[in-house]
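Subject: Structure handover

Hello,

Here is the structure I promised to pass on. My notes follow below it.

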Amino acid sequence: MSILTFARCGGPILSTVAICPTVAPIVEFLVPPLRLLRLFPATALAGALLASAGCGGNTDTSATADELESIVNAEFNEDPAESDAVTYDPSAVPAGAPVQVTVAPADPGGTTYTLHIEDVEPARDFGAHLHTGACGPDPADAGPHYQNSLDPVQPSTDPAYANPDNEVWLDLTTDDDGAGSAEATVRWTPREGEANSIVIHEHHTMTDPGHAGHAGDRLACVDLP
Ligand SMILES: [Cu+2]
């Protein structure tokens, strides 16, 4: 079983589509969720989206509304006091662009994260990770990546620790309309209070020794509940 999946072609739950192609038509119908979210209650829609992703035996990355641990729907703002989502680079992540993050339990004992952004810079790569600190006025406020097994050497650039099994990586590539999605499932649950944000970075995450986990400048940040 692939425990980590990236959605590289847009759409909120493409990795699940890859697992169960029979739900693809449903998913494509539901793909612009943030536009629908302006019309429908967020939790109900996310539940519907995620529930629609469940398909027979491959339900390890799906969740119903009841199973969602948290969901954040926000619009980026240049002032972190005004929103749960802050942009540090409005040319790439404009103020007003919507973002959705969901967190859900995944069997056995794991966690599934999804990230969906819209109206950001089209047709480009972004990196994204789970970070320890809350978003603040300074991009550095979100602190380092959350690691399940903490690298004794910080900042961590050792692929033995800075990898998508030990951290949560949500790299994505936006489509021509500026929308993009990613999903990642890890086999663990973060320690209480130690994982507080998703940071969106300049480019996809590097994996080579000395650079592993790095994805360039911090462009934006989303606070988790
Ligand atoms: Cu990061």
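Trp-169 is buried, with 25 C-beta neighbours inside 10 Å. Buried here means 20 or more other C-beta atoms within 10 Å of the residue's own, exposed means 12 or fewer, and partly exposed lies in between, with C-beta atoms placed from the backbone. Trp-169 sits in the loop between strand 5 and strand 6. Leaving out residues up to four places away in sequence, Trp-169 touches His-129, Pro-164, Ala-184 and Thr-205. A contact means C-beta atoms, placed from the backbone, within 7 Å. Ile-198 is 29 residues from Trp-169 in sequence, and the two C-alpha atoms are 9.3 Å apart.

Two points on the source. This is a predicted model: local features need pLDDT of at least 70, side-chain atom pairs count only at pLDDT 80 or more, and totals for chains, interfaces and linings use all residues. Numbering runs from 1 along each chain as its sequence is written.

Overall layout next. The chain has 4 helices and 9 strands. These are DSSP runs numbered from the N terminus: helices are H or I with at least four residues, strands are E with at least two. The pattern along the sequence is α-α-α-α-β-β-β-β-β-β-β-β-β. Of the 225 residues in the chain, 43% are buried. Among contacts with a separation of 6 or more, 62% are between residues 24 or more positions apart.

Five strands form an open sheet with antiparallel pairing, in the order 2-9-8-5-6. Strand 2 (85-87) and strand 6 (172-173) are at the edges with a single partner strand each, so one side of each has no neighbour in the sheet. Pairing requires at least two DSSP bridges between two strands. Strand 5 (residues 125-131) runs antiparallel to strand 6, joined by 2 bridges. Asp-125 has Thr-173 in strand 6 as its bridge partner.

Strand 4 is worth a look. Strand 4 (residues 110-117) has 6 of its 8 residues buried, so the rest of the structure largely encloses it. Strand 3 (residues 98-106) pairs with strand 4 in the antiparallel sense over 8 bridges. Val-103 bridges to Tyr-113 in strand 4. The two strands make a hairpin with 3 residues between them, and Gly-109 in the turn has a positive phi of about 75 degrees. Strand 4 also pairs with strand 7 (residues 180-186), again antiparallel, over 7 bridges. There, Thr-111 has Val-186 as its bridge partner.

On to the core. The largest nonpolar core has 37 residues, and those with the most contacts inside it include Leu-115, Val-168 and Ile-198. Such a core is a set of buried Ala, Val, Leu, Ile, Met, Phe, Trp, Tyr and Cys residues joined through C-beta atoms within 7 Å. Strand 3 gives the most to this core, with 5 residues. Leu-115 touches Val-101, Ala-128 and Ile-198, among others.

Last, the backbone. Most residues other than glycine have a negative phi, and most peptide bonds are trans. Asp-107 and Pro-108 are joined by a cis peptide bond, omega about -10 degrees. A cis peptide bond also joins Gln-154 and Pro-155, with omega about 0 degrees. Pro-155 is in the loop between strand 5 and strand 6. Asp-119, not a glycine, has a positive phi near 60 degrees. Asp-119 is partly exposed, with 18 C-beta neighbours inside 10 Å. Ala-123 has a positive phi of about 50 degrees. Ala-123 is exposed, with 11 other C-beta atoms within 10 Å.

Best wishes

Definitions and conventions: Two residues are in contact if their C-beta atoms, placed from the backbone, lie within 7 Å.
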